[in-house]
Amino acid sequence: MRLIKTLDEIKGIRKANQIIAKIYTDIIPPYLKPGITTREIDRIIDEYIRSCGARPACIGVEGIYGPFPAATCISVNEEVVHGIPGDRVIKEGDIVSLDTVTELNGYYGDSAKTFAIGIIDDESRKLLEITEKAREIGIQTAVAGNRLGDVGHAIQTFVEHNDFSVVRDFAGHGVGLALHEEPMIPNYGRKGRGLKIENGMVLAIEPMVNTGTYKIAMLPDGWTIVTRDGKRSAHFEHSIAIIDGKPVILSELD
């Protein structure tokens with residue numbers, strides 16, 4: 001897979017990402033209230049993606065025990081990533097992470113956001129703030145000439161300074177012409193290490209941050225990843241393109 005995209009390709013990737021940006025900004029927030037099930041959240045997102053002429057690209061991705069069965073990964077509280085939508089009822093005080101991938105005319109968008117349901121506790125509020133800020137710091141570091149280790153180091157340093165931990169078994173990645181592309185972008189690392197960032201790269205920057213240990217476990221469904229200590233986790237992701245040496249966010253609503 002080519003690491004460098006053309007400007008025309010980046011325009012197509014932006015269009016796929018704008019669908020997700022619209023979902024997170026306007027479409028889904030009114031429904032994120034106590035009493036809704038994760039399956040119903042998934043249905044709303046699925047229908048909107050298809051109404052835009054796009055395809056929810058998570059459906060059918062192969063896993064250990066078979067393909068992923070839903071349009072969106074929905075992870076609640078101690079679930080880190082890849083939660084399968086189902087009968088779980090969302091409650092006041094929960095935090096809910098949505099990770100959505102769209103495919104539109106052969107181009108892929110990828111973005112994640114963790115939402116607070118009603119009033120959440122102070123630790124959870126700080127977790128969301130720090131994870132979102134860590135994403136911003138990672139993006140700001142992703143300039144041409146820097147290396148991927150610089151991005152991971154910046155994210156890790158900020159998160160750990162705030163007494164949280166970054167998940168190490170999952171990472172950001174290249175994106176745009178496929179759901180997951182090279183390079184992998186860990187949310188930890190050392191300065192000056194890793195691939196040099198260049199114009200035309202399209203990258204998914206996505207810190208996953210835990211309130212406790214960074215260690216994780218997989219549930220028996222073969223998909224859902226949870227924190228090993230049962231404490232909460234948050235996930236924020238943007239797809240960005242490096243243009244004129246600087247990161248441009250593609251998954252932020254125009």
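# Sheet, rings and charges

At 36% relative accessibility, Asp121 falls in the partly exposed class; that label covers everything between buried (under 20% relative accessible area) and exposed (over 50%), using a 1.4 Å probe and protein chains only. You're looking at a predicted model, where local features need pLDDT of at least 70 and side-chain atom pairs count only at pLDDT 80 or more, while totals for chains, interfaces and linings use all residues. Residues are numbered from 1 along each chain as its sequence is written, and side-chain values use heavy atoms, with hydrogens and water left out.

**Salt bridges**

- Side chains of opposite charge can pair when their charged atoms come close.
- Here, a salt bridge is a side-chain nitrogen of Lys or Arg within 4 Å of a carboxyl oxygen of Asp or Glu, and searching the whole structure turns up 16 of them.
- Back to Asp121: its salt-bridge partner is Arg232, with the closest N and O atoms 3.8 Å apart.
- That pair ties together distant parts of the chain, as Asp121 is in the loop between β7 and α3 (122–141) and Arg232 is in the loop between β14 and β15 (233–235), 111 residues apart.
- Lys22 and Asp26 make a salt bridge with an N to O distance of 2.9 Å.
- Lys22 and Asp26 are four residues apart in helix α1, so about one helical turn separates them.
- Lys22 is partly exposed at 29% relative accessibility, and Asp26 is partly exposed too, at 36%.
- Arg88 and Glu79 also meet in a salt bridge, at 3.1 Å from N to O.
- In that pair, Arg88 is partly exposed at 32% relative accessibility, whereas Glu79 is buried with a relative accessible area of 11%.
- Glu40, Arg43 and Glu47 are joined up as a salt-bridge network.

**The five-stranded sheet**

- Strands of a sheet pair through backbone hydrogen bonds, either parallel or antiparallel.
- The open sheet runs β10-β9-β11-β16-β17, with antiparallel pairing; two strands pair if DSSP finds at least two bridges between them.
- The edges belong to β10 (181–185) and β17 (246–249), which have a single partner strand each, so one side of each has no neighbour in the sheet.
- From one strand to the next, the twist averages 30°.
- β9 (residues 172–174) is joined to β10 by three antiparallel bridges, with Gly174 standing opposite Glu181 in β10.
- Helix α4 (residues 148–161) packs on the sheet, touching β10 and β11 (202–205), and its direction makes about 45° with that of β10.
- "Touching" means heavy atoms within 4.5 Å, while the angles are taken between N-to-C directions on a 0 to 180 degrees scale, from lines fitted to C-alpha atoms (for helices, over the stretch in contact).
- β9 pairs with β11 as well, antiparallel over two bridges, and there the bridge partner of Gly174 is Leu203.
- On to β16 (residues 238–243): four bridges join this strand to β11, again antiparallel, and Val202 has Ala241 as its bridge partner in β16.
- In a regular strand the side chains alternate between the two faces of the sheet.
- In β11, Val202 and Ala204 point one way while Leu203 and Ile205 point the other way, and all are buried.

**Aromatic pairs**

- Rings of Phe, Tyr and Trp (its six-membered ring) pair if their centres lie within 6.5 Å; planes under 30 degrees apart are stacked, over 60 edge-to-face, and the rest tilted. By that rule there are two aromatic pairs.
- Tyr24 and Phe115 pair edge-to-face, 6.0 Å centre to centre with 75° between the planes.
- Phe68 and Trp223 are buried.

**Charges over rings**

- A charge sits over a ring if NZ of Lys or CZ of Arg is within 6 Å of the ring centre and within 35 degrees of the ring normal.
- The charged end of Lys126 sits over the ring of Phe164, 5.5 Å from its centre.
- Arg168 has its charged end over the ring of Tyr188, 4.9 Å from the ring centre.
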